[in-house]
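Dear colleague,

I am handing this structure over to you. Please look through it first; my notes follow below.

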Amino acid sequence: MRITSLFAYAFFAALSSFASLADAATEQPNILFIFADDHAYQAISAYGSNRNQTPNIDRIANQGMRFDRCVVTNSICGPSRAVILTGKYSHKNGFYDNRSVFDGTQMTFPKLLQQAGYQTAMVGKWHLRTDPTGFDFWEVLPGQGRYYSPVFRTPEGRVVKKGYVTDVTTDTALEWLENGRDQQKPFLLMLQHKAPHREWAPGPDHVADYNGETLPEPETLFDDYRNRSDAAKDATMRVGDHMRPMEDLKVWPEGAKYAERQFKLMSPEEQQAWKAAYKEENDAYMQDPPTGEAKTRWNYQRYIKDYLRCIASVDDNVGRVLDYLDEHGLADNTVVVYSSDQGFYLGEHGWYDKRWMYEESFRTPLVVRWPGVVQPGSVEKRMVSNLDFAETFLDIAGVDIPAEMQGASLEPMLRGQPVDQWRDSFYYHYYEGPPASHDVARHYGVATDRYKLIHYYDLDQWEMFDLEDDPNEMMSVFNDPTYADVRAELEQKLAELRQQFEVTSDEPEPLKK
Ligand code: CA
């Protein structure tokens, strides 16, 4: 029986790869991957945001597919990027946390697309320390990059570009589409924004948005971290307590050196827009600085507005690129993807930042438009991941997926084909423990549609959540006897996943080749 079905599978696989090769020979679609840094799904109107509108990202969702539970393997900037390039978990690509250095000699999907005849380009935030490999064209921000007058690293050296980083990054990408690429070949363009990463510096067009408004607070802004592990209490990412007045909150005394340095990077018009936008609120703050709960509320309003202002520029620039595709006859043959390196806390649990396996940072937005293939306005609720992106792009291009990749192609879902066998659980592992930014304890865990089991292994403490009864993850049921069977099942799944993905250590190890 087993041999027969294996044989049938192999026969079917051979047939389907023949079919995809035939497709590829005639038509390899372009792939435009637009990627933000720290863009929470809660801040996209297609995902039901109660605080902002993102009409251009919504265009992609409305004309394509919205994935409602796209999760990440390791919720932090650099590691997520390494997972996307390699289709492998951090312990297999060697990039564990933001202190890691990416080994660019390893296999990545852009290299495979390049070998398959694609023109490849990478523009914007890279965050992997070493130079990009596998790209015909690249221009990247060093480290986190600057919001104004950004410096770009290029193969020819560094260049400074005047203006606001989200606009400038898009300008560079459009310039490559217009004049830089070989128009006879299909393209892969990775257009990766710095925004809306901390310190949430808005562009001149949107710096005054939301002035005078009070935006809704999340239900858990005043989380007291009871009924959970010590990890949540110990983290230093609370909106009320752990924000820097000048960098994060844009409250600066007259003549403050930090502010002067920022203003020097701006044009006179940009400076003027900033000073006018913040003046009234800052004057009031200086006269009577809030304390206690009022301080948390004030900080929340200030940072959420700046964060959403940054996203407004990202959304405008998504629109510019979509318009370019329309105006140049490229839209029909280009797969457009919008995603982020992870989610983000918009005050939930009293936090900003990411890192946790809790939903707000575990999930990331993913919307995909593929005219003529993806049913417009479709929604996929199954658990997909950034671990699947490389496999998906290769599959779309008709390129074989290497066996060492650990995710699965989303192409059948995009095509609306039946997918009988799909993951029912997912493994997560975060490695950047204290002492490090925000002091979030290292943890690994397993998630299913309904439950989540998390092990903070340096603390040897566990948490378990029932997302149906407790979607905000406020009450761990790890020690609740009514959940004993569920817990045993999750522990079993966790052990199986660690074996399947070959997790042999909880400490970073050198890359094995
Ligand atoms: Ca990030």
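Is Lys233 buried, exposed or partly exposed? Lys233 is partly exposed, with a relative accessible area of 37% (buried means under 20%, exposed over 50%, partly exposed in between, with a 1.4 Å probe and protein chains only).

This is a predicted model, in which local features need pLDDT of at least 70 and side-chain atom pairs count only at pLDDT 80 or more, while totals for chains, interfaces and linings use all residues. Residues are numbered from 1 along each chain as its sequence is written, and side-chain values use heavy atoms, with hydrogens and water left out.

Salt bridges. Lys233 forms one with Asp230, with the closest N and O atoms 3.7 Å apart (a salt bridge is a side-chain nitrogen of Lys or Arg within 4 Å of a carboxyl oxygen of Asp or Glu). Asp230 is partly exposed too, at 33%. The whole structure holds 45 salt bridges. Another joins Arg423 and Asp388 at 2.8 Å, N to O. Arg423 is partly exposed, with 23% relative accessible area, whereas Asp388 is buried at 0%. Salt bridges with shared partners also join Asp38, Asp353, Lys354, Arg355 and Glu432 into one network.

Calcium site. The calcium ion is coordinated by Asp37, Asp38, Cys77, Asp341 and Gln342 at 2.2 to 2.7 Å (donors are N, O and S atoms within 2.8 Å of the metal, or 3.2 Å for Na, K and Ca; water is not among the atoms, so sites may look incomplete). Along the chain, the donors have the spacing D-D-x38-C-x263-D-Q. Asp38 is buried, with a relative accessible area of 0%, and Cys77 is buried at 1%.

Regards
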